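Thank you for making time for this one.

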Amino acid sequence: MTDKMEHVANGETAMVAFGEALGRACEGRGVIFLEGDLGMGKTTLCRGVLRAYGHRGAVKSPTYTLVEPYELGDNRLYHFDLYRLADPEELEYLGIRDYFAEQELCLVEWPARGAGMLPVPDLTIQIQVEGEGRRICCQAMTQRGRRMIALLQAES
């Protein structure tokens with residue numbers, strides 16, 4: 001199994017489709033860090049992941065609430081946006097450790113703002129501009145992350 005993969009998504013539809021594939025590859029568990037500048041499509045990618053579990057509603061970045069929970073069938077997913085976090089220790093007040101149980105899938109935008117308080121991710125995803133689209137660079141940090149990449153590659 002490989003530790004890295006790259007994918008180019010041209011447009012919002014392609015970003016959502018990659019997110020759906022990523023969601024299936026997660027098998028309902030794991031920690032994924034999403035990195036990239038404002039407007040790179042992190043929340044759009046999260047929308048695709050949530051669609052893989054049946055969510056059809058709007059997906060907004062939880063910039064002010066910091067976390068948005070989703071219960072979809074037997075799956076619990078948490079979408080974090082730490083952009084407005086002033087101090088990583090604020091995460092303790094949220095009970096951050098309770099969110100990262102073995103049975104959950106946690107998507108974390110702006111993870112660097114929670115440094116020292118977050119667990120090691122299974123997968124780190126960096127999103128950058130690539131021509132008219134976005135280059136998605138995935139880096140596995142755990143065995144589960146390597147499995148996610150293998151499943152993503154098998155699907156493409």
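Predicted model: local features only at pLDDT ≥ 70, side-chain atom pairs only at ≥ 80, totals over all residues.

If you look at C26, the nearest cysteine sulfur belongs to C138 and is 9.8 Å away, so by the 2.5 Å cut-off C26 is in no disulfide. C26 is also buried, with a relative accessible area of 3%. For C46, the nearest cysteine sulfur is that of C26, at 10 Å, and C46 is likewise in no disulfide. C46 is buried too, its relative accessible area being 1%.

Now to the sheet. In what order do the seven strands of the open sheet stand? Reading across, the order is β1-β7-β6-β2-β5-β4-β3, and the pairing is mixed. The edges are held by β1, residues 4–9, and β3, residues 67–72, and because each of these has a single partner strand, one side of each is left without a neighbour in the sheet. From one strand to the next, the twist averages 20°.

Both kinds of pairing can be seen around β6. Strand β6, residues 123–130, runs antiparallel to β7, residues 133–140, and eight bridges join the two. Within that pair, I127 stands opposite I136, and E130 stands opposite G133. The hairpin of β6 and β7 has two residues between the strands, and there G131 takes a positive phi near 60°. With β2, on the other hand, β6 runs parallel, and four bridges join these strands; E35 has Q126 in β6 as its bridge partner.

Helix α2, residues 42–51, lies across β2, β3, β4, β5 and β6, and runs at about 165° to β5.

Turning to the interior, I would start from a general point: in soluble globular proteins, nonpolar side chains tend to be buried together. In this model the largest nonpolar core has 31 residues, and those with the most contacts inside it are L22, I32, L123 and I125. Helix α1, residues 12–26, gives the most to this core, with six residues.

Beyond residues up to four places away in sequence, E104 touches G28, R29, G30, R76, Y78 and Y99.

For comparison, please look at E68, which is in the edge strand β3. At 32% relative accessibility, E68 counts as partly exposed, and, leaving aside neighbours within four places in sequence, E68 is in contact with P62, L77, Y78 and H79. Another partly exposed residue is R147, at 40% relative accessibility, and this arginine is found in helix α5, residues 143–155.

I will finish with two backbone details. Most residues other than glycine have a negative phi, and most peptide bonds are trans. Which phi does E27 take, then, given that it is not a glycine? The value is positive, about 55°. E27 lies in the loop between α1 and β2 and is partly exposed, with a relative accessible area of 43%. W110 also has a positive phi, near 60°, in a residue other than glycine. W110 sits in the loop between β5 and β6, and with a relative accessible area of 17% this tryptophan is buried.

That is where I will stop, and I am glad to go back to any part of the view.

How values were computed. Residues numbered from 1 in each chain as written. Heavy atoms only, no water. Pairing = 2+ DSSP bridges. Axes fitted to C-alpha atoms, helices over the stretch in contact; angles between N-to-C directions. Contact = heavy atoms within 4.5 Å. Core = buried A, V, L, I, M, F, W, Y, C linked by side-chain atoms within 4.5 Å. Buried < 20%, exposed > 50% of the residue type's maximum accessible area, 1.4 Å probe, protein only.
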